Amino acid sequence: MNTSSTRPIVLCLSGHDPSGGAGLQADIEALMAQGCHAAPTVTALTVQNSIDVSDFRVLDAAWVLAQVDAVISDLTIAGVKLGMLGSVEMVDTVVQILKRLPNVPIVCDPVLRAGGGGSLGKDDVGYAMRERLLPIATIATPNLPEARILAELPQGTPDQCAEKILPFCQHLLITGGHGDEHEVHNRLYSRNGSFRTFTCERLSGSYHGSGCTLASTLAGRLALGEDMMHAVENALSYTWRALRDADKPGAGQHFPRRL
Ligand code: PLP
């Protein structure tokens with residue numbers, strides 16, 4: 001565990017959601033709740049509310065690099081969380097950034113769709129993440145629809161998708177929140193062959209920002225020095241509680257209560 005008086009700092013490269021349910025605000029809240037500090041670098045701006053996304057704009061690479069330069073020339077980064085990147089060019093920019101942060105745990109949430117179904121990136125963005133980002137990430141956390149895109153298996157089971165994605169990454173957590181069974185099965189696959197399923201009760205709502213909450217909590221837990229198994233277990237149970245206590249602030253999805 002980190003014993004210094006400074007909270008571990010997690011660099012978040014994600015999009016901004018003006019409704020505050022997902023994106024960087026989700027990262028900041030979830031990381032605060034773990035006792036970490038978020039350094040939020042904006043990769044994209046979105047237009048959305050609790051119902052769905054109507055538009056997004058990816059920032060210029062130079063702006064993202066300038067934000068990161070300012071942060072990493074000053075702060076010590078203990079973990080990285082990657083969320084919405086939005087374009088293949090932004091994936092390449094992030095690859096450049098990560099090369100400057102060796103030996104830091106990196107959680108990659110391959111965001112391609114909003115909870116309401118709207119696009120936050122074309123499938124090509126997912127393929128670029130798979131080819132160039134997953135090999136340098138510590139863990140990827142797709143939900144099953146995202147895993148099917150990464151695996152190019154539109155009807156694939158979690159195991160079939162994992163077989164296709166695992167050659168690109170060390171650890172892979174495929175979450176099961178998008179199904180309709182009574183229980184949710186979240187499956188952690190590791191390149192060394194280890195496998196574990198984490199099962200929880202399915203909650204009845206539809207949630208905005210659950211993937212962001214999980215991935216940033218996991219980045220925080222790894223930044224605090226937890227091993228992968230405990231970090232995943234703790235991140236899943238924190239996220240489940242945030243969903244159980246969620247608010248319904250508008251006409252669409254519930255927002256997790258992270259603090
Ligand atoms: N990142 C941003 C900026 C978003 O706007 C969204 C969803 O709208 C997401 C990520 C993904 O959200 P979720 O955690 O619901 O998958």
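Which residues of the largest nonpolar core touch the most other members?

**Entry 1, conventions.** I worked on a predicted model, where local features need pLDDT of at least 70 and side-chain atom pairs count only at pLDDT 80 or more, while totals for chains, interfaces and linings use all residues. Residues are numbered from 1 along each chain as its sequence is written.

I found 79 residues in the largest nonpolar core, and Val-10, Val-94, Val-107, Cys-108, Leu-172 and Leu-218 touch the most other members. Such a core is a set of buried Ala, Val, Leu, Ile, Met, Phe, Trp, Tyr and Cys residues joined through C-beta atoms within 7 Å; buried means that 20 or more other C-beta atoms lie within 10 Å of the residue's own, with C-beta atoms placed from the backbone. Helix α8 (residues 228-244) gives the largest share of this core, nine residues. Helices (H or I, at least four residues) and strands (E, at least two) are DSSP runs, numbered from the N terminus.

I traced nine strands in an open sheet of mixed pairing, ordered β3-β2-β1-β4-β5-β6-β7-β8-β9. β3 (53-58) and β9 (195-201) each have a single partner strand, so one side of each is left without a neighbour in the sheet. Strands pair if DSSP finds at least two bridges between them. Seven bridges join β8 (residues 183-190) to β9, and the two run antiparallel. In this region, Asn-186 stands opposite Phe-198 in β9.

I looked up the shell around the ligand: α7 (210-223), β1 (9-16) and β2 (37-48) each supply at least two residues. The largest share, three residues, comes from α7.

Methods
A residue is buried if 20 or more other C-beta atoms lie within 10 Å of its own, exposed if 12 or fewer, and partly exposed in between; C-beta atoms are placed from the backbone.
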